[in-house]
Amino acid sequence: MRPVPARRGSDSAREWGRSGLAYLTGEPGGPPDFSRASVLEHARRLAPDAATLLTGRAGLLGLGRAGRVSAGGATQLLAARDGWCALTLSRPDDVGAVPALLSSDTVGADPWPAVHRWAAGLAAAQVVERAALLDIPAAVLGEASAAPPRMRPTAPRREFAGAAGLLVADLSSMWAGPLCGQLLARAGATVVKVESPGRPDGTRAGNQTFFDWINGAKLSYCLDFDRQADALRDLLAVADVVIEASRPEALARRRLGPDDVPVQAGRIWVRITGHGPQSRRPAFGDDAAVAGGLVGAGPVFCADAIADPLAGLEAGRAVLASLNRGGGELIEIAMAAVAASYAALPVCQPRSDRPVLPPQAPEVTTSAASLGADNDTVRRLVVERRCLPC
């Protein structure tokens with residue numbers, strides 16, 4: 001797509017530079033990239049503080065642009081034989097699977113040089129296919145198509161008066177789903193963050209301030225999804241909104257999916273996946289952005305795991321729109337499709353003389369509850385909800 005100048009009215013290039021997003025996009029040591037300035041302009045239609053929501057993690061962690069290495073460092077762009085792809089090694093299991101990925105026992109302490117040499121001899125689709133067999137997140141640049149959330153009716157509709165007073169069960173982790181939950185909490189909903197003691201949200205083990213920022217306004221409910229499935233089903237049965245980001249079969253095999261929980265009029269079920277509900281491929285924000293083609297010129301990574309917060313914003317918008325329709329829907333959102341939708345926006349000139357500021361850390365005033373701190377409170381909420389007249 002031929003780059004076009006940013007619109008003079010809103011001066012999206014100026015806002016891109018001031019937001020910290022330009023600071024996060026481009027080659028390290030080189031000029032910042034402004035080609036995706038229209039992304040922020042569009043995101044601000046969903047949330048006035050979209051700049052903070054898109055750059056908050058980078059501000060808290062002190063991240064900067066690293067070109068073909070993601071700002072967080074776990075994902076890299078690889079030059080394959082016929083184009084570009086991305087691979088993420090963020091989990092210990094991902095790193096441990098690299099010898100099998102490369103069919104080599106001599107990978108070295110830093111696996112990336114060997115990964116780059118291996119990918120250069122393959123087609124990008126072959127790299128991704130091989131990675132998928134080992135459950136390693138990977139994506140071909142631009143493989144995904146732009147698509148709105150998929151919706152299907154699951155329950156009768158009912159009248160809502162906005163998000164205030166709703167009960168939200170947030171089963172998601174990391175960034176996209178939890179951000180959707182945060183937005184609903186800001187709108188007045190009671191949000192319950194649900195975690196398993198054996199597998200809590202991975203961000204609890206990371207930067208505590210980031211976890212507090214995303215989850216500080218939520219109640220913490222901890223229970224074993226296998227041994228205490230009935231208690232979890234009771235919560236889902238009375239919730240007005242459910243947010244989940246696991247593979248669909250993970251809940252279905254425990255009979256905790258949207259088609260297993262007793263029907264409640266108006267309930268909205270939000271399912272966030274990397275590549276769509278029919279795909280078992282894992283995804284994180286940076287490789288999902290590459291799948292959607294949401295990259296800077298070069299290519300280089302755009303901002304910090306940008307598909308994650310964009311998917312969270314779009315999920316929040318989808319819930320509010322569903323409330324206006326009376327709910328009773330399953331809403332399926334794929335991060336790669338969201339990224340592709342934003343990649344389809346007009347591309348601006350990559351260079352600009354606008355000032356560039358680093359991302360600012362958001363103000364965090366509330367600490368997130370410790371794991372399971374609100375179990376008794378949540379159980380009381382469930383009992384009270386079950387006693388309400390239909």
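Both Trp 175 and Phe 210 are buried, where buried means under 20% relative accessible area, exposed over 50% and partly exposed in between, with a 1.4 Å probe and protein chains only. Before going on, a word on the source: this is a predicted model, in which local features need pLDDT of at least 70 and side-chain atom pairs count only at pLDDT 80 or more, while totals for chains, interfaces and linings use all residues. Residues are numbered from 1 along each chain as its sequence is written, and side-chain values use heavy atoms, with hydrogens and water left out.

Back to the aromatics. The structure holds two aromatic pairs. For the criterion, rings of Phe, Tyr and Trp (its six-membered ring) pair if their centres lie within 6.5 Å; planes under 30 degrees apart count as stacked, over 60 as edge-to-face and the rest as tilted. Trp 175 and Phe 210 make an edge-to-face pair, at 5.5 Å centre to centre and with 85° between the planes. That pair links distant parts of the chain: Trp 175 lies in the loop between β5 (167-170) and α8 (176-186), and Phe 210 lies in helix α9 (residues 208-215), 35 residues apart. Helices (H or I, at least four residues) and strands (E, at least two) are DSSP runs, numbered from the N terminus.

The other pair is Phe 210 with Trp 213, which is tilted, at 6.0 Å centre to centre and 55° between the planes. Because they are three residues apart in helix α9, Phe 210 and Trp 213 are separated by about one helical turn. Phe 210 has a relative accessible area of 6% and so is buried. Trp 213 is buried too, at 11%. Trp 175, Phe 210 and Trp 213 form one aromatic cluster.

One more ring to mention. The charged end of Arg 65 sits over the ring of Tyr 23, 5.8 Å from its centre. The test here is NZ of Lys or CZ of Arg within 6 Å of the ring centre and within 35 degrees of the ring normal.

Next, the cores. A nonpolar core is a set of buried Ala, Val, Leu, Ile, Met, Phe, Trp, Tyr and Cys residues joined through side-chain atoms within 4.5 Å. The largest has 65 residues, and those with the most contacts inside it are Trp 16, Leu 184, Val 241, Leu 294, Ile 306 and Leu 310. Which helix gives the most to this core? Helix α13 (residues 307-325) does, with eight residues. Leaving aside neighbours within four places in sequence, Leu 294 is in contact with residues including Arg 36, Val 39, Cys 302, Ile 306, Leu 310 and Tyr 342, contact meaning heavy atoms within 4.5 Å. A second, separate core of 23 residues includes Val 194, Ala 239, Trp 269 and Val 378.

Val 378 brings us to helix α15. Helix α15 (residues 375-387) has 13 residues and reaches 19 Å from its first C-alpha to its last, close to the 18 Å expected at 1.5 Å a residue; the expected span is 1.5 Å times one less than the number of residues. Asn 375, Val 378 and Val 382 are the buried residues to look at in α15. They cover an arc of only 65° around the axis, so they are on the same side of α15. The arc is that of the directions from the helix axis to the C-beta atoms. On the face turned away from the buried side are the exposed residues Asp 376 and Cys 387. The cover over the buried residues of α15 includes β6 (190-195), β7 (219-222) and α10 (229-238).

Helix α7 (residues 124-133) can be read in a similar order. Ala 124, Val 127, Val 128 and Ala 131 are buried in α7. Their arc around the axis is only 90°, which puts them on the same side of α7. Exposed residues Glu 129 and Leu 133 are carried on the face turned away from the buried side of α7. The buried residues pack against β1 (75-80), β2 (83-88), α5 (98-102), α6 (112-120) and β3 (138-140).

Last, the backbone. Most residues other than glycine have a negative phi, and most peptide bonds are trans. Asp 135 is in the loop between α7 and β3, and at 28% relative accessibility Asp 135 counts as partly exposed. Met 174 is not a glycine either, and has a positive phi of about 70°. Met 174 is in the loop between β5 and α8, and is partly exposed at 32% relative accessibility.

Where is the cis peptide bond? A cis peptide bond joins Gly 298 and Pro 299, with omega about 5°. Pro 299 is in the loop between β10 (295-296) and β11 (300-301).
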